[in-house]
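Trainee: Hi, I have a new structure to get to know. Could you walk me through it?
Mentor: Happy to, let's open it up together.

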Amino acid sequence: MGRLSSNKLWLGLLALVIAWPAMSEPDAAAQWSQVSLERHTLTAKPVSRSLRLQVALPAGYDPNQRYPVLYYTDAFSQAGRVSEIVYSLGAVGVIPAMISVGIDSDSNTGAEATEARAYLLTPTQADTYQAPFGVQKGWTGGGALFLESLAKEVIPFIESHYAASGERTLYGHSFGGLFAAYTLFSQPQLFSRYLISSPSLAWDNRLILQLESQYAANHKQLPVRVFLSVGSEENIPVSPMVDDVQRLSEVLNQRDYREFQFTSRIFAGEDHFTVTSQSISIGLRALFAAEQAH
């Protein structure tokens with residue numbers, strides 16, 4: 001993975017510092033952040049639910065240009081973190097300037113959001129997490145319909161309303177990581193890059209490993225870039241995430257998929273809640289390293 005030169009990094013940081021006083025201008029004072037979020041609600045027919053989108057534009061956004069787009073799940077909890085990291089890394093040239101789109105359900109309470117999240121991000125009905133995490137079996141299994149909604153409604157909406165290039169990355173953490181891995185082995189062509197963070201690979205008797213095996217039996221090519229990561233402190237009895245990520249990494253490293261680029265990382269000292277910022281920042285830099293080296 002190439003490194004941004006120290007001169008270029010400091011010049012980019014200096015440019016950000018110079019730009020910050022502009023936030024005190026009257027027109028921008030109410031924003032309170034370098035990143036503003038545009039919000040939309042879509043009625044998604046395949047999944048039969050309303051989905052909320054939180055869209056962040058890159059610094060210097062020009063509607064006459066075309067930008068790659070990062071799509072990510074769990075926008076309610078992740079939008080601030082993801083949008084700030086994507087904006088900042090793009091502004092200093094570590095990754096391309098890009099649009100970020102956070103997706104979650106149109107929920108009114110925490111209980112509604114928990115139930116909807118379990119439904120949208122799990123590909124099958126299973127009770128793997130029922131006891132320790134409060135996710136009931138009846139809530140689960142909407143992942144295929146959610147993926148269809150992304151492909152047929154969310155992505156077309158973004159690409160018709162914003163200056164999107166059609167180059168797409170999918171990021172997900174935890175259940176979101178499970179959904180990203182499910183997408184990778186069921187409809188990989190929808191995205192060119194996958195950032196899979198602390199995925200819940202124990203789901204439904206390790207369904208993802210089964211799907212990967214089925215994919216490998218019928219395909220010699222997997223033309224995507226994948227960054228798979230987990231924190232070193234994430235092994236728990238019901239979901240040994242470190243062990244599962246290592247197992248999937250070993251499988252993928254042994255495959256001879258054509259046009260496949262794969263990186264895996266275990267972040268020392270990080271747990272399920274502290275690992276996300278590193279996963280996003282380092283993962284995006286790894287996924288776009290070859291482009292930024294030119």
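Mentor: Let me begin with a term we will need: rings of Phe, Tyr and Trp count as a pair if their centres lie within 6.5 Å. Also keep in mind that this is a predicted model.

Trainee: Okay! How many aromatic pairs are there by this rule?
Mentor: The count comes to 10 aromatic pairs. Take Phe175 and Trp203: their ring centres are 5.6 Å apart and the planes stand at 80°, so this pair is edge-to-face.

Trainee: Where do Phe175 and Trp203 sit in the chain?
Mentor: Phe175 is in helix H6 and Trp203 is in helix H7, 28 residues apart, and the pair links distant parts of the chain.

Trainee: Is Trp203 buried or exposed?
Mentor: Trp203 is buried, with a relative accessible area of 1%. Phe175 is buried too, at 5%. The cut-off for buried is under 20%.

Trainee: What about Phe185 and Tyr215, what kind of aromatic pair do they form?
Mentor: That pair is tilted, with 6.5 Å from centre to centre and 55° between the planes. Here again distant parts of the chain are linked, with Phe185 in helix H6 and Tyr215 in helix H7, 30 residues apart. Both Phe185 and Tyr215 are buried.

Trainee: Which residues form one aromatic cluster with Phe185?
Mentor: The cluster consists of Phe185, Tyr215, Tyr257, Phe260 and Phe262.

Trainee: Now something with a charge. Which ring does Arg193 lie over?
Mentor: Arg193 lies over the face of Phe288, at 4.1 Å from the ring centre.

Trainee: And Glu212, where is that one?
Mentor: Glu212 is in helix H7, which covers residues 203-218. Glu212 has a relative accessible area of 1%, so it counts as buried.

Trainee: What does Glu212 touch, apart from residues up to four places away in sequence?
Mentor: Glu212 touches Phe185, Val251, Leu252, Arg255 and Tyr257.

Trainee: Let's switch to the nonpolar side. How many residues has the largest nonpolar core?
Mentor: That core has 63 residues, and Tyr71, Val101, Phe146 and Ile158 have the most contacts inside it. Helix H6, residues 175-186, gives the most to this core, with eight residues.

Trainee: What is Val101 in contact with?
Mentor: Leaving out neighbours within four places in sequence, Val101 is in contact with Leu53, Gln54, Val55, Val69, Leu70, Tyr71, Tyr72 and Ile158. There is also a second, separate core of 23 residues, with Ala75, Val86, Met98 and Leu284 among them.

Trainee: Why would such residues gather like that?
Mentor: In soluble globular proteins, nonpolar side chains tend to be buried together.

Trainee: Can we zoom out? How many helices and strands does the protein chain have?
Mentor: The protein chain has 10 helices and 10 strands. Of its 294 residues, 51% are buried. The accessible surface comes to about 13800 Å², and 51% of that belongs to carbon and sulfur atoms.

Trainee: And what share of the contacts with a separation of 6 or more comes from residues 24 or more positions apart?
Mentor: Those residues account for 74% of such contacts in the protein chain.

Notes: Residues are numbered from 1 along each chain as its sequence is written. This is a predicted model: local features need pLDDT of at least 70, side-chain atom pairs count only at pLDDT 80 or more; totals for chains, interfaces and linings use all residues. Side-chain values use heavy atoms; hydrogens and water are left out. Helices (H or I, at least four residues) and strands (E, at least two) are DSSP runs, numbered from the N terminus. Buried means under 20% relative accessible area, exposed over 50%, partly exposed in between (1.4 Å probe, protein chains only). Contact means heavy atoms within 4.5 Å. A nonpolar core is a set of buried Ala, Val, Leu, Ile, Met, Phe, Trp, Tyr and Cys residues joined through side-chain atoms within 4.5 Å. Rings of Phe, Tyr and Trp (its six-membered ring) pair if their centres lie within 6.5 Å; planes under 30 degrees apart count as stacked, over 60 as edge-to-face and the rest as tilted. A charge sits over a ring if NZ of Lys or CZ of Arg is within 6 Å of the ring centre and within 35 degrees of the ring normal. Accessible areas come from the Shrake-Rupley method with a 1.4 Å probe; for residues, only the protein chains shown count as cover.
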